[in-house]
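User: Please pick one part of this model and take me through it closely. I'd like to see how it sits against the rest of the chain.

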Amino acid sequence: MAFIGLCGVNVCGPSRITMRSVSTQPTLSTSRRKVLQGLAWVLFPVGPALADRTGKYSTKLTAKRRYVPRIARGAEALANLEKEFDSEEWQAKVLAYIGRDASNMESAMALFGSSYFAEGNRIGQTERQLEEIEENLVKSLALLKSDAEANDKARAKIHYADSIKLMESYLNVSKLREILSTLD
């Protein structure tokens, strides 16, 4: 077997290894199609697709049918939690509500506000208010969850009361009770 030294000379005698010349220039194997695609991306960048915010009746009807019942169920379950604070199983009930009903309600609240109250491609005042209320409710429910996990009933009652106030505010601003009464 041959050993090639640092200078590239075979120092051990004849070898079966042959050296090939290696090109130092990169090979450019791009087709005309790839070049045109790259040029198109540079000249005509495509942004992310946006949801329909035109406020069409069909969008509002879909929002009404999909999200209003989920919000109503979550609000009702939240209101029913009050009596659970007197039971021994209050922690389990609060955690079950937050794990099941609250998460479903929170996503429905965000989607309802952004679709039912859409004013074209701009965010309206009602939508902005609902988004703020929903964000604060999510924070309040997270605090309620941590209180239940820490077995701190006194703080849990405070955060529960905050959550009830925020839910009432959402129902009033969104006029959800009126909308719910017109649901088929």
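Analyst: Of the 184 residues in the protein chain, 29% count as buried, where buried means under 20% relative accessible area, exposed over 50% and partly exposed in between (1.4 Å probe, protein chains only). Keep in mind that this is a predicted model, where local features need pLDDT of at least 70, side-chain atom pairs count only at pLDDT 80 or more, and totals for chains, interfaces and linings use all residues. Numbering starts from 1 along each chain as its sequence is written, and side-chain values use heavy atoms, leaving out hydrogens and water.

The chain comes to 6 helices and 0 strands; these are DSSP runs numbered from the N terminus (helices H or I, at least four residues; strands E, at least two). Among contacts (heavy atoms within 4.5 Å) between residues at least 6 apart in sequence, 73% join residues at least 24 apart.

Let's zoom in on α4. This helix covers residues 125-149, 25 residues in total, and reaches 36 Å from its first C-alpha to its last, close to the 36 Å expected at 1.5 Å a residue; the expected span is 1.5 Å times one less than the number of residues. Its buried residues are Glu127, Leu130, Ile133, Glu134, Leu137, Ser140, Leu141, Leu144, Asp147 and Ala148. An α-helix has 3.6 residues a turn, so residues three or four places apart point the same way. Just past the end of α4, asparagine 151 takes a positive phi of about 60°.

Glutamate 134, in α4, deserves a look. Although buried, glutamate 134 has no salt bridge, and lysine 139, the nearest side chain of opposite charge, is 9.9 Å away. A salt bridge here is a side-chain nitrogen of Lys or Arg within 4 Å of a carboxyl oxygen of Asp or Glu; Lys and Arg count as positive, Asp and Glu as negative, with His and the chain ends not counted. Leaving out residues up to four places away in sequence, glutamate 134 touches Glu106, Met109 and Ala110.

Then there's the core. The largest nonpolar core has 33 residues, and Ile71, Tyr97, Phe112 and Met167 have the most contacts inside it; such a core is a set of buried Ala, Val, Leu, Ile, Met, Phe, Trp, Tyr and Cys residues joined through side-chain atoms within 4.5 Å. α4 is among the elements giving two or more residues to this core, along with α2, α3, α5 and α6, while α3 provides the largest share, 10 residues.
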